Amino acid sequence: MHVTSRQFKDNIKGAVSDANLRHSLATMKTGFRAKRGIAVAALPEFEALRDAGKAIKDHALQHLDHYLERFEAKVLEGGGHVHWARDADSACRAVLDICRQHGARTVTKGKSMVAEEIELNAYLEKNGVRPVETDLGEYIIQLRHELPSHIIAPAIHVRKSQVAQTFRENHPQFPADRALEEPRDLLDEARTVLRSHFLGADVGITGANLLIAETGSTVIVTNEGNGDLTQLLPRVHIVVTSIEKVVPTLEDASTILRLLARSATGQAMSSYTTFSTGPRRPEDPDGPDHFHVVLVDNGRTGMLGTEFHEALRCIRCAACINHCPIYGAVGGHAYGSVYPGPIGSVITPALASLEEAGSLPNASTLCGRCEAVCPMKIPLPRMLRHWREHEFARHLTPPRMRWGLRLWAFAARRPALYRLGTGMAGRMLSRMAGRRGRLSSLPLAGGWTQVRDLPAPPPGGTFMARYKRGQTH
Amino acid sequence: MTGSDRDTVLNGIRAALKRGPLPDPTRAELDRRMADHAAHVVPAIARGTHAELVRRFLETAEAAAATVATVPPGSEGAAVERFLRQHNLPTRVAVAADPRLDGLEDRGVLTVERRGTPTGDDLVGVAHALAGIAETGTLMMASGPHSPSTLNMLPDTHIVVVRQTDVVGGLEDAWARLRAHAPEGPPRTVHLITGPSRTGDIEQTIQLGAHGPRRLHIVMVEDTADGAAV
């Protein structure tokens, strides 16, 4: 997985001063977050469903080889094909081979994060196959040559005026003076343009939210209907998905479906939950003639059995992203990974490398909101701390930080010295701050004082000093 | 190539889980778990008397921005026509070849453009649901010789006929219906449809009518006096 997370610290400077991005991120509070809150409050069984969902995924991961084999057998039995891909390159090649077999020139694509992860579009384009994204958000960012900045709302960073500009540049077939002010106008134009792509594509590619071992079905959960037109109209349907998505039965899927849409958009169910099983049957009037599933590993077995194992329970609902104060301040692109936010900061170092993505686990205040809202109860803060430990153990942290931590550790192991030091520092800071009680600059703390004052410790000494004197406040 | 990737992935999983291939008794146990179809947590909104479930289905479907009309058996065609006229929509319709929808042609109030797969130009599609799920106001549509899946997606206006007897409580009950309908395994496409298509991709403002239908109208056919569907 190709990431640019090394630039995280530079990226955030641009992000926090981007007025358009600020506006877009501000809507998250009234949008996704408020809607999830209402949906969860309306379902008394939500907590019980979380426990059940966690247990189902834990069971499936513990027996992953068996359920993948059963899933594969069912797909084959139904006349479909399964392609195993250890890495991104192998997955992209499998998709291209299928496209070539069928002489495909254009493919329509439903939204798929795994396809983003393996950079399928770039690979297909390089090899003469034109992919057209059909999810509205994905379509917008494809035209703008951008990456998704959110896993369920890929164009959340783009404002409607920018979408209008993009459409004017890319849709010369419409009159130049047409109205494109309202979201409705923009949507209708995209709908018209994409209709012809749906009807003319040779191959349709979708992702999958779930795989059902019992039936060999792949499941997509969508709202726009683009994923359905993508898979129903062309002769060939390719599903690009990853190995941890398999669950044993439709009943297991029910529990996850009850959690997924509520956690993502606050809907009880998305408009379309679609189960695809094999190619069309001989007597069927429509549907694809060929059905291929590409099962991607790309680093996931490397997470199994490690302290990051539980992150494989993730159902990509984006609740952690929507509730993360860091994501809310810097947006998705700053992370330099197609998986941003708390879950992205956990899985990006695993799927790419800690060398590349070491900044991400540090981009967290460990406030715990992500874990509190995660429908799969993934202990995200704990995992971020694990990455920080790995980073330190592998000498990837900068020397200054290492020296600072070592100094702190030295003192922390000597309580008398520690108290002496903090007491002195506290008194000094109080004196420097004077009556204002705040410091506007401080040597070695420029990172903090550049953008805000540092509150000085209140007079009266440290907590320990007060405690000894018997003060309660 | 694929063969070796398959081994790499499966062996990688086993190595990571610190074990070899699962022993046969364990595999048999897992297969039994798959065959059992045991339900997990079924919410209270998925339970109730049949009358309660029908009422809940209509409410939750409306909450998902579908419109609903309940009609006596035999008046499906009139209900479809009334809806189309009320919304100033064309009365030319593409209708699934399901024999339960034959009545739409008889009355002569609708122009049935075709029976079966729609073209990109058909503006109104009429289909028949396998079940209605009360929990979330969801329609279960199963593909088959008489029910093309594109009919659920291509036309601007999607009208679905569902029988009151086919209303079930929750997803688990819907799976039971599906297994009874297709014991050999699910049809190619099973759509669970909850309201019309929508998107929030532009500034998180929800717009109905994205790539799929702009409107979803549900025609609920009442049971006959003796409790059976016509």
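Trainee: In which sense do β2(A) and strand β4 (residues 203–206) of chain A pair?
Mentor: In this predicted model, strands are DSSP runs of E with at least two residues, and helices are runs of H or I with at least four, both numbered from the N terminus. Two strands count as paired if DSSP finds at least two bridges between them. Here β2(A) and β4(A) share three bridges, and the sense is parallel.

Trainee: And what is the bridge partner of A:V107 in β4(A)?
Mentor: A:V107 also stands opposite A:P131, over in β3(A). Looking towards β4(A) instead, the partner is A:V203.

Trainee: How much can I trust chain B, say by its mean pLDDT?
Mentor: Residues are numbered from 1 along each chain as written, and chains are lettered from A and ligands numbered from 1 in written order. Local features need pLDDT of at least 70 and side-chain atom pairs 80 or more, while totals for chains, interfaces and linings use all residues, and side-chain values use heavy atoms, without hydrogens or water. For the complex, the predictor gives an ipTM of 0.96 and a pTM of 0.94. In chain B, 95% of residues reach a pLDDT (the predictor's confidence in each residue, from 0 to 100) of 70 or more, and the mean is 94.

Trainee: Back to β2(A): how many bridges join strand β2 (residues 106–109) to β3(A)?
Mentor: One pair to look at is A:T106, which stands opposite A:R130 in β3(A). β2(A) and β3(A) run parallel, and the number of bridges is four.

Trainee: Which strands stand at the edges of that six-stranded sheet in chain A?
Mentor: The sheet is open and parallel, in the order β1-β10-β7-β4-β2-β3. Two strands have a single partner each, so one side of each is left without a neighbour in the sheet. Those are β1 (81–85) and β3 (130–133) of chain A.

Trainee: Helix α4 (residues 64–77) of chain A packs on the sheet, but what angle does its direction make with that of β1(A)?
Mentor: Helix α4(A) touches β1 and β10 (290–296) of chain A, where contact means heavy atoms within 4.5 Å. Axes are lines fitted to C-alpha atoms, for helices over the stretch in contact, and angles run from 0 to 180 degrees between N-to-C directions. For α4(A) and β1(A) that gives about 145°.

Trainee: Which strands pair across the two chains?
Mentor: There's an open sheet of eight strands with mixed pairing, in the order β8(A)-β5(A)-β6(A)-β9(A)-β9(B)-β6(B)-β5(B)-β8(B). Its edge strands are β8 (246–247) of chain A and β8 (167–168) of chain B, each pairing on one side only. The antiparallel pair, with five bridges, is β9 (residues 272–276) of chain A and β9 (residues 189–193) of chain B.

Trainee: What volume does the largest cavity have?
Mentor: A cavity is a set of points on a 1 Å grid over the protein atoms alone where a 1.4 Å probe fits but cannot get out, with lining residues having an atom within 4 Å of a point. Points join across faces, edges and corners, and volume is the space filled by probe spheres set on them. The structure holds five cavities of 30 Å³ or more, and the volume of the largest is about 110 Å³.

Trainee: Which helix gives the most to the lining of the largest cavity?
Mentor: Of the 17 lining residues, those closest to the centre include A:C324, A:P325 and A:C370. Helices α14 (325–330), α15 (341–351) and α18 (369–373) of chain A each supply at least two lining residues. With three residues, the one giving the most is α15(A).

Conventions: 1 Å grid on protein atoms, 1.4 Å probe; cavity = no way out; pocket = protein on both sides within 12 Å on 5 of 7 lines; lining within 4 Å.
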